[in-house]
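Subject: Structure handover

Hello,

Here is the structure for you to take over. My notes on what turned up in it follow below.

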Amino acid sequence: MTRLGANRLASVPKDVQTPGYDRANCGVGIVHLGLGAFHRAHQALCTDIAMAAGGGDWKIIGVSMRNEQIAADLNDQDGLYTLIVKGSGAPKAQIIGSIARALCARTQADKVLEALSDPAVRIVTTTVTEKGYGIDRATGGVDPSLPIIARDLAGEGAPEGVIGLLVAALAERRARGIAPFTVLCCDNLPDNGAFVRGGLIDFAKRRDAALGRWIAANVACPSSMVDRITPAQTPATRDLARALTGAEDVLAIETEPFSQWVIEDHFPTGRPQWEAAGVIFAADVAPFEKMKLRLLNGSHSLIAYMGALLGKKYVRDVMDDPKLEALVGRHLEAACATLPSMPNMDLAQYRADLIERFRNPNIAHQTCQIAADGSEKMPQRIFAPALDALRADQPLRPFAFATALWIWFCRDDDSQSCQLNDPRAQHLKKAARQATPHMIFAEFEKIAGMLPKELASSCVWRAEVLSVLTELTHRPAQQVIQAESEKFG
Ligand code: CS2
């Protein structure tokens with residue numbers, strides 16, 4: 001079977017959409033850091049549609065931070081890959097052409113810096129996961145205790161971390177009189193533009209105060225909310241791509257029909273016509289971010305820890321159990337109550353759609369994938385709405401329940417179907433394995449910067465979390481979760 005590549009485009013079946021623009025005549029305008037499935041299902045597709053609609057030099061140089069293989073594979077396929085959308089009907093394949101070529105930051109930092117310093121590059125987008133920036137949320141600056149930040153700050157050799165690379169490239173552009181690029185963070189973090197901006201300025205100031213000031217005055221970092229449920233690729237994805245396109249594609253990915261991107265429109269050096277892909281440009285992205293982080297991602301984390309503790313491999317398996325679905329519904333209701341009013345959003349419909357999206361029988365999204373990095377996800381998904389609920393005297397139980405399940409999951413028991421995978425794993429495991437619920441709670445409280453102080457010191461919050469933890473010490477998780485749904489679901 002022939003490998004996907006530019007010379008295969010003419011021979012894919014007619015119902016497989018191919019790039020609607022002349023790839024050879026569109027130049028590069030974007031560098032993207034983080035070449036995972038999500039980028040390929042979301043921003044790269046939107047840019048593909050934008051170039052088909054309005055042309056422009058907006059092709060992407062895709063940078064994998066650590067994975068050399070993915071960059072090599074993408075180059076072997078001339079940057080092309082198959083995106084398969086799986087809704088209720090037959091799956092539909094499309095070949096995406098917006099990625100010009102790929103690099104790996106770990107092994108080709110110099111080439112990445114060269115690309116980032118190219119005047120043609122006007123935007124840098126990022127999907128490197130919450131922990132990928134090395135930013136300490138308590139201070140808003142970089143965390144020099146992290147090896148990659150310490151290494152890049154020391155300035156020995158080319159930088160390898162996201163912030164180190166971006167600052168080095170901005171310094172180069174400043175020295176050469178080239179306008180800076182716009183940095184567009186596409187990770188699930190609240191106020192993600194300001195978050196990245198804080199990291200860039202702090203890192204720069206630690207090396208060169210004037211550079212820090214220049215970045216503060218000149219670099220735009222609009223916030224954005226991104227949404228598309230995209231599981232990791234499996235061998236079945238590749239088989240399906242082969243069946244639909246007739247070509248071998250080692251980078252094929254599958255995703256759901258739903259897609260959303262809300263962006264603050266602040267691009268001093270221009271941007272693609274992303275409107276053509278349905279992107280919403282908003283003056284204030286914060287309400288959209290809150291809605292998505294608290295409703296989708298918050299209930300996703302609840303589903304992930306229920307699934308991990310009950311041995312349910314996929315999100316859809318959790319949703320197949322009416323008792324568990326009731327708990328997801330309860331969580332959505334409590335999280336929704338913490339949102340600001342959104343006159344142009346039908347939140348009831350959004351919630352109903354979420355349930356349908358989670359139930360999608362054709363999407364094999366592993367609970368274990370979502371359960372990873374809980375210490376990076378819980379603050380914005382669970383603790384922030386819990387704090388708002390506490391202040392407004394609204395129900396805390398759903399958030400306390402999700403928190404207790406996460407803590408229990410952190411025990412990393414051998415019998416668990418999915419192991420703890422978290423940058424603070426050792427710390428979390430030790431805390432979760434304390435002898436009594438009170439001791440466990442006290443240890444978690446101590447983990448710096450995670451729980452808002454006001455929440456941690458609330459007696460109501462404490463009582464709710466402890467009550468679930470106490471149940472979990474006495475009975476199997478399955479019984480505790482079932483009892484919760486019978487009592488409160
Ligand atoms: C998920 C997200 O892995 C996770 O933590 O909650 O990746 C989720 O699938 C996306 O944000 C959906 O847009």
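I start with the disulfide: the bond between Cys368 and Cys418 is right-handed, with 90° about the S-S bond. Please keep in mind that this is a predicted model. The two sulfur atoms of Cys368 and Cys418 are 2.3 Å apart. A search of the whole structure gives one disulfide.

Next, the annotated regions. UniProt, in an unreviewed entry, lists residues 29–275 as "domain: Mannitol dehydrogenase N-terminal". That stretch, 29–275, is 38% helix and 19% strand, with 17 Å between its end C-alpha atoms. The annotation "domain: Mannitol dehydrogenase C-terminal", also from UniProt and from an unreviewed entry, covers residues 284–435. Residues 284–435 are 67% helix and 0% strand, and here the end C-alpha atoms are 46 Å apart.

Then there is the ligand. Which residues surround the ligand? They are Asn188, Asp227, Arg228, Ile229, Lys292, Leu296, Asn297, His300, His365, Ile370, Lys377 and Arg381. Sorted by class, this shell has five charged, four polar and three nonpolar residues.

- Arg228: a backbone N or O atom is 2.9 Å from a ligand oxygen.
- Asn297: a polar side-chain atom is 3.1 Å from a ligand oxygen.
- Arg381: a polar side-chain atom is 2.9 Å from a ligand oxygen.

On its own the ligand exposes 340 Å², and the protein buries 88% of that area. Two elements give two or more residues to the shell, namely helix H10 (286–310) and helix H15 (374–391). Of the elements, H10 contributes the most, with four residues.

Why does the ligand lie between domain 1 and domain 2? Domain 1 (6–282) and domain 2 (286–488) both give residues to the shell, so the ligand lies between them.

Those are the notes, for you to read alongside the model.

Regards

Technical notes
Residues numbered from 1 in each chain as written. Predicted model: local features only at pLDDT ≥ 70, side-chain atom pairs only at ≥ 80, totals over all residues. Heavy atoms only, no water. UniProt positions renumbered as here; feature names shortened; annotations may be inferred. Near = heavy atom within 4 Å. Polar contact = N/O pair within 3.5 Å; in protein donor to acceptor, adjacent residues only side chain to side chain. Areas by Shrake-Rupley, 256 points an atom, 1.4 Å probe, with all protein chains shown as cover. Nonpolar A, V, L, I, M, F, W, Y, C, P; charged D, E, K, R; others polar. Domains from an automatic or database assignment. Disulfide = S-S within 2.5 Å.
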